[in-house]
Amino acid sequence: MIEQIKERLAIVDLVSDHIPLRKVGRNFVGFCPFHPNTRTPAFTVFPETQSYHCFSCKKSGDIFTFLMEREGLEFGEALERLAARAGVTLHERTEREEREDATRARLLEVNAMAATFYAHLLRASPRGEAARLYVAARGLGENIVEVFQLGYAPPEWSALLAYLGERGVDPAEVEAAGLAIRRDDGGYYDRFRDRLLFPIHDSRGRVVGFGGRLLGDGHPKYLNSPQTSDLRQGQPALRPVPGARSDQARR
Ligand code: ZN
């Protein structure tokens, strides 16, 4: 429900009801409503991540925290107000919805761990040497590698499965995330092998899938992880990771 409300309400509209905002580039700025200030507008609203941040008092959050802080509401009250505004009917969560949410959260967690593993291999592991050379030859600087969280899957059958297994992830969960394939005999193997990997992020910066380009010979040249459950809500895309250091690679 919270996601649904966030998708329907633009944070810029909500904040604009309270303070005047001015568009600067892709974002909006205004005087912070949470600390006294009249000189420099330090309050920035980011439409893409549906969030805000004040560079002076450091307050940050989303439409819910904004309304709660601004009007001194409890979360439940803010939820009711924003649900009404979004035209979303509130109802008790069913057991099935709770289960689906838990599954989705777990798959996102598995994806995030996989992205960390692959990124480490590309940046720092001896196993990623050939991939690093390929990336450099393609003119992709460290900057791009970091901002897009590029990674490398080594030419092994269970590198990712072993890494995630050590961190308590069941092979069936890796398969559910689209990152492993089940054999007829019941075993599993890594979907991505010897590939340069491009994590696909949703609008909130969460990894919802991967695209992989084969480095050696063979086919297919490009391989994507399958659409997994309903992880890919919104418009997934290759995006800079929020909070990544450099702005240079951003459009
Ligand atoms: Zn402030």
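Predicted model: local features only at pLDDT ≥ 70, side-chain atom pairs only at ≥ 80, totals over all residues.
1. With 28% relative accessibility, C57 is partly exposed, because buried would require under 20% and exposed over 50%.

2. C57 belongs to the zinc site. The zinc ion takes its protein donors from C32 (SG), H35 (ND1), C54 (SG) and C57 (SG), at 2.1 to 2.3 Å. The angles subtended by these four donor atoms run from 101 to 117°, so the arrangement is tetrahedral. Along the sequence, the donor residues follow the spacing C-x2-H-x18-C-x2-C.

3. Next, have a look at Q50, in the loop between β3 and β4. Its relative accessible area is 17%, so Q50 is buried. Leaving aside residues up to four places away in sequence, Q50 is in contact with K6, L9, A10, I11, G61, D62 and I63.

4. Helix α4 covers residues 75–86 and has twelve residues; at 1.5 Å a residue it should span 16 Å, and the distance of 16 Å between its end C-alpha atoms agrees with that. Which residues of α4 are buried? They are A78, L79, L82, A83 and A86. Viewed down the axis of α4, these buried residues fall within an arc of 130°, and therefore line one face of the helix. The cover over them includes α1 (2–8), α2 (11–16) and α3 (63–71). E80 and A84, on the other side of α4, are exposed. After α4 comes G87, which has a positive phi near 75°.

5. Finally, the aromatic rings deserve a visit: a search of the whole structure turns up twelve aromatic pairs. In the pair F34 and F43, the ring centres are 6.1 Å apart and the planes meet at 70°, so this pair is edge-to-face. F34 is buried at 17% relative accessible area, and F43 is buried at 0% relative accessibility. F34 also forms an edge-to-face pair with F66, at 5.7 Å centre to centre and 65° between the planes. Because F34 lies in the loop between β2 and β3 and F66 in helix α3, this second pair ties together parts 32 residues apart in sequence. Elsewhere in the list of aromatics, one cluster is formed by F117, Y118, Y163, F192 and F210.

Technical notes
Residues numbered from 1 in each chain as written. Heavy atoms only, no water. Donors = N, O, S within 2.8 Å, 3.2 Å for Na, K, Ca; no water. Tetrahedral: all angles 85-135°; square planar, octahedral: opposite > 155°, others 65-115°. Buried < 20%, exposed > 50% of the residue type's maximum accessible area, 1.4 Å probe, protein only. Helix = DSSP H or I, 4+ residues; strand = E, 2+ residues; numbered from the N terminus. Contact = heavy atoms within 4.5 Å. Expected span 1.5 Å × (residues − 1). Arc of directions from axis to C-beta. Phe/Tyr/Trp six-rings, centres within 6.5 Å; stacked < 30°, edge-to-face > 60°.
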